[in-house]
Amino acid sequence: MMKRALACAAVLALTLSPAAAQQKSPYADYQKKTTEAAPLELFELVGEELWKKKQGPKSASLEQCDLGQGPGKLKGAYARLPRYFKDTGEVMDLESRLVHCMMSLQGRSREEILKRPFGNADKPSELEYLSMYVARQSNGFKIDPGTRHPKEKEAYALGEKLFSWRTGLWDFSCTSCHGEEGKRIRASELPQLDDPKQVSPLIATWPAYRVSTSSLITLQWRMNNCFQQMRTAEPIFGSETVNSLITYLTVKSKGATYSGPGIKR
Amino acid sequence: MITKSTLGAAVAALVLSPAASAEPSAREVQEILKRDFRPRGQAKMDRMDQDAVQRLCTTTNNKPPADLAKKLEADQMRTIDFPKGSLMGNWKEGAKIAWSGQGMQWHEDPKLPGGGGCYNCHEMSPQREAFGTIGPSLAAFGKKRGNGIEMQKYVYGKIYNAKAYNLCSEMPRFGTTNSLTEEQIKDLTAYLLDPASPVNK
Amino acid sequence: MMQRRGLLKGAAVLLLAGLLKPVAALAAWNKAAFSSKTSADALKSLGTPSAEASGGIVIEAPQIAENGAVVPIEVTSNIPGTTSLAVLVEKNPYPLVAKFDFMESALPFVKINAKMGETSDVRVVATAGGKHYQATKEIKVTIGGCGG
Amino acid sequence: MAGPMKMRATLAGGYTDVRVLMTHPMATEQQTKGQPHFIQNLTVKVNGKTVIEGEISQAISRNPVFSFRLKGGAKGDKIEVSWLDNKGDTNKTETAVA
């Protein structure tokens, strides 16, 4: 039964842009119903347990983690990331900041934390569970990443530059697939990611539960997987490159209402 | 902390125009990429070095000056190794290569044969309804254009190194990068040109 | 395959070993119905070989599902005295997906996520007052977008 | 051993809405080369009394989510949901109607 799903035999060709798709896609009803029925709460629950669990050499929880709104303040915190953090001197997205908190509060090493940054259906990663839990507390908040600090401006500018930077064995840039409206890769519509109208509904629903693989996916994973398909070397988790691309896309989505965690196909 | 950084930003905005202060140079971007990636599996760090073609297409937003493009296209043409005789292989093998999207990724076994991933971007045979639209439709390609030796040479060369024909094409250089073998490219050529191929039905 | 294992026997062994609470061991699972390869056979095994079409059964589901791995299906019976609902996907290798018995204050309503191998009719059979009723709804399944 | 469950039971215009989530692979024969692993039975109890008995197959999606409805109900009613899979593994969760 599921073999056919793996054969990648798509039947329906969509030419709608995602923005228009919200009203017109034949899948709109399916996506709405699947979102309502997705087991997101399960993962958020595990994320909450991990947030409160005492771990690491310092046997501490993450409850005092400062995601930009003060220690332990979770409401709306995710919607205001990425942003510049004075204590590290870097622009950080949620996952980078979580790694920072695990290191500083729990005394754990970066190597140990990032041994398995991306999980699978059988075993999501700690960072994926935590991302779901933290992101939920921003549901309904306006997306408002940092844009005023010079470092935040730098991150945006680097992200913009990287977006059209051709690289890797096959000469691709992000714009190869995401630079024009109305294109498809196989049967999947490709959003034009430098268009705020097209990128904001996507940014508003990460992290997400991926229906086709029953796994949790985050923005760090999304960037990593795009580079994998671009046939580059592997981007380092939470590096300036990855965080700047996330900053670029999130700033493009500024002002939209965060409605995640969501589902992806 | 928030007040402070806001203040800092305001001061910075007064002193410097944000675009001028923030925009990294191509050299800086290249250095950042070398720092922020690591080799994994078959994907080594040399993949992060922008070559002249990638650099020119990036800096000119894929619209290079004509004379420079001509020169670089000629360089790229010299990378193509045209075999003697017919360039048409087995279209049935070509079909498999066109359908497969595998190959050259860091998690993949480099010993396994790679695919062309052609359907990611092109319409080809009516047998496959899930095709992309990043590249032009290649439906009935040989039927429309014939399959003489000049056409064979064009198709073979285009798959081998698309940049020899259109410098800033989005199509990978399958032969030049050793992503496909000579035999595989011949099979794909047959898939596009052989009258028996489903592409031409 | 699991059909050969025999749940009750397995449970009895576990019970003897003191590994399973007795309450779980009481559970029954209609192996014959769930192993049937056609919905007709499954319905026979459930003891509902024939059922009359009824507008009292409402199947709320998307007309077209992007991915067969998760298809939300909501079923309500407005037929008075409904005591059970069975959900079948006609074209699945084993059509019977689930069967629920409702007692006491439970309303004949359930919402599930089902797997569908391909476009198929979904059939719901309700039992009320010893009689059987049914309704069907087609759900199209597009198995697309294997990328990211 | 079994992964977490989560349940919510809320009063909604004349009935109690119960939504329950279970962590389970719900692996099919095809996925496992003939060694499927899936929940077979689930039971819903209200204040200790069984009100729903479900028998389910491998065609229920991974990490099952079910919604049920109970006539009437009152704040504080104790709802309990338990499951048993084909390998003899079980889990249960309970909550009070809010």
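**Close-up 1. Disulfide between A:Cys65 and A:Cys101.** In this predicted model, A:Cys65 and A:Cys101 are joined by a disulfide with an S to S distance of 2.0 Å. The torsion about this S-S bond is about 75 degrees, so the disulfide is right-handed. The pair links distant parts of the chain, 36 residues apart. A:Cys65 sits in the loop between helix H4 (40-52) and strand E1 (83-85) of chain A, whereas A:Cys101 belongs to helix H5 (residues 94-106) of chain A. Both A:Cys65 and A:Cys101 are buried.

**Close-up 2. Disulfide between B:Cys57 and B:Cys168.** The sulfurs of B:Cys57 and B:Cys168 form a disulfide, S to S 1.9 Å. This disulfide is left-handed because the torsion about the S-S bond is about -90 degrees. B:Cys57 is in helix H4 (residues 52-59) of chain B, and B:Cys168 is in the loop between helix H8 (149-160) and helix H9 (182-193) of chain B, so the bond ties together parts 111 residues apart in sequence. B:Cys57 is buried at a relative accessible area of 1%, and B:Cys168 is buried at 9%. Over all chains, the count of disulfides is two.

**Close-up 3. A:Cys174, a cysteine in no disulfide.** The nearest cysteine sulfur to A:Cys174 is that of A:Cys226, 6.9 Å away. A:Cys174 has a relative accessible area of 15% and is therefore buried, the cut-off being under 20%.

**Close-up 4. A:Cys177 and its closest cysteine sulfur.** The closest cysteine sulfur to that of A:Cys177 is in B:Cys121, at 6.3 Å, which is too far for a bond. A:Cys177 counts as partly exposed, with 24% relative accessibility.

Note on methods:
Residues numbered from 1 in each chain as written. Chains lettered and ligands numbered in written order. Predicted model: local features only at pLDDT ≥ 70, side-chain atom pairs only at ≥ 80, totals over all residues. Heavy atoms only, no water. Disulfide = S-S within 2.5 Å. Helix = DSSP H or I, 4+ residues; strand = E, 2+ residues; numbered from the N terminus. Buried < 20%, exposed > 50% of the residue type's maximum accessible area, 1.4 Å probe, protein only.
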